[in-house]
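Colleague: I'm new to reading protein models. Could you walk me through this one, feature by feature?

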Amino acid sequence: MTAILVTFIVLTDSAWASPGDRSEEFRTCRLECEENYHMCNESLSRRDTSSLVMDRVFGWCCEQECFHLCMWRTVSAAGAQKFSGRWPLTRHFGMIEPASAIASFATFATSAAGFIWFLINKCEPHSKFKWSYYSMFVVMSFTWLSSTLFHIRDYVLFERMDYYGAFLYVLIPAFWLSCRAFYPPASNQLLFSLAGLLLMIISYVSYMELVKFDHTLHYQLCFLLSFVQFVVYASCLWIRRSRPVKERLSLERFLLVFAVGAVGPIGSKYFDRTAPFLWTFDSHSLMHIGLIPAPLVFWWAIAAEDQLLNSDTLPTKTSAKLD
């Protein structure tokens with residue numbers, strides 16, 4: 001298994017050089033360690049069983065061990081500082097970023113739990129939108145499982161999966177708005193709208209792969225798209241402010257989805273310049289922890305949408321559309 005991963009996945013050096021990487025102590029230690037495998041093997045021999053299993057599954061070589069060993073030696077001598085754009089984190093269970101990995105998997109679990117609850121208890125058996133519900137769940141699953149893998153090991157393949165999954169995840173509200181506004185699903189308006197989203201995705205991936213894999217651009221785009229979608233949903237709610245509560249309920253819940261989803265990213269900014277708590281919880285992991293409940297609120301909002309769209313009280317298709 002390790003041989004396969006090492007063959008097909010190249011370890012990324014991640015981000016840009018940070019103060020820790022540039023320090024003389026770190027560079028000297030790393031050079032000595034990589035030239036003296038006794039130093040590396042001695043460090044590897046102190047791993048616990050859980051780390052050993054994880055390393056065998058995902059791969060872990062002396063070069064990686066030397067990086068972490070020298071990182072901690074530098075921190076002990078010169079204090080907390082970033083390495084390759086990240087704060088140093090303790091490798092629990094063999095994971096490079098354990099808190100973020102566990103939080104990402106927990107978000108996948110809440111996505112699955114919310115989706116199953118919705119299908120069993122709230123979704124109309126003959127709903128015309130089942131295809132879109134399954135599509136959104138597939139994107140959620142891909143996003144959070146990719147994030148889990150990337151925070152276990154920062155391989156290039158896992159990094160790409162994580163970034164592209166996050167971009168798709170951010171577009172879920174736009175995808176649902178298209179389905180919601182232009183149903184039935186076979187309508188030309190819906191196909192045109194989905195084609196626009198597909199073009200946006202292709203443009204984004206093409207730029208990242210062919211021009212520059214730009215971390216800053218990725219974060220800026222995700223923030224901008226989230227904000228624009230929030231404004232659109234809020235505007236729809238304002239337009240429908242005089243409608244019956246039943247027709248406003250789903251939009252109100254969607255605004256709550258945006259609010260819950262913003263808590264983690266916004267809150268984590270306050271801790272970005274602070275060393276990780278217990279050398280485990282950094283600002284990035286706090287962002288992931290804050291996102292855990294968001295999928296539950298999302299499927300709760302979708303439940304109200306499905307009930308409205310399939311209600312016998314709506315005599316025409318246009319009466320259920322977003323104004």
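**Salt bridges first**

Modeller: By the rule used here, a side-chain nitrogen of Lys or Arg within 4 Å of a carboxyl oxygen of Asp or Glu, the count comes to 13 salt bridges. Keep in mind that this is a predicted model, where local features need pLDDT of at least 70, side-chain atom pairs count only at pLDDT 80 or more, and totals for chains, interfaces and linings use all residues. Residues are numbered from 1 along each chain as its sequence is written, and side-chain values use heavy atoms, leaving out hydrogens and water.

Colleague: Which residue forms a salt bridge with Asp154?

Modeller: That's Arg86, with the closest N and O atoms 3.3 Å apart. Arg86 sits in the loop between H6 and H7, and Asp154 in the loop between helix H8 (130-152) and helix H9 (156-170), so the pair ties together parts that are 68 residues apart in sequence. Arg86 also forms a salt bridge with Glu97, where the closest N and O atoms are 3.5 Å apart.

Colleague: Are Glu97 and Asp154 buried or exposed?

Modeller: First the cut-offs: buried means under 20% relative accessible area, exposed over 50%, and partly exposed in between (1.4 Å probe, protein chains only). Glu97 counts as buried because its relative accessibility is 6%, and Asp154 counts as buried because its value is 9%. There is also a network of salt bridges linking Arg47, Asp55, Arg91 and Arg153.

Colleague: How many helices and strands are there in the chain?

Modeller: Helices (H or I, at least four residues) and strands (E, at least two) are DSSP runs, numbered from the N terminus. Here you get 15 helices and 0 strands. Of the chain's 323 residues, 48% count as buried.

Colleague: What does Trp176 touch?

Modeller: Contact means heavy atoms within 4.5 Å. Leaving out residues up to four places away in sequence, the partners of Trp176 include Phe129, Tyr233, Phe254 and Glu305. Glu305 turns up again with Arg180: their side chains make a polar contact (3.0 Å). For that term, take a pair of N or O atoms within 3.5 Å; within protein, one must be able to donate a hydrogen and the other to accept it, and residues adjacent in sequence count only if both atoms are side-chain atoms. Arg180 is in helix H10 (residues 172-181), and counts as buried because its relative accessibility is 0%.

Colleague: And where is Leu278, and what is its phi?

Modeller: Here's the general idea: most residues other than glycine have a negative phi. Leu278 has a positive phi of about 60° although it is not a glycine. Leu278 lies in the loop between helix H13 (245-268) and helix H14 (283-291), and is exposed, with a relative accessible area of 57%. Trp279, found in the loop between H13 and H14, has a positive phi too, near 55°.
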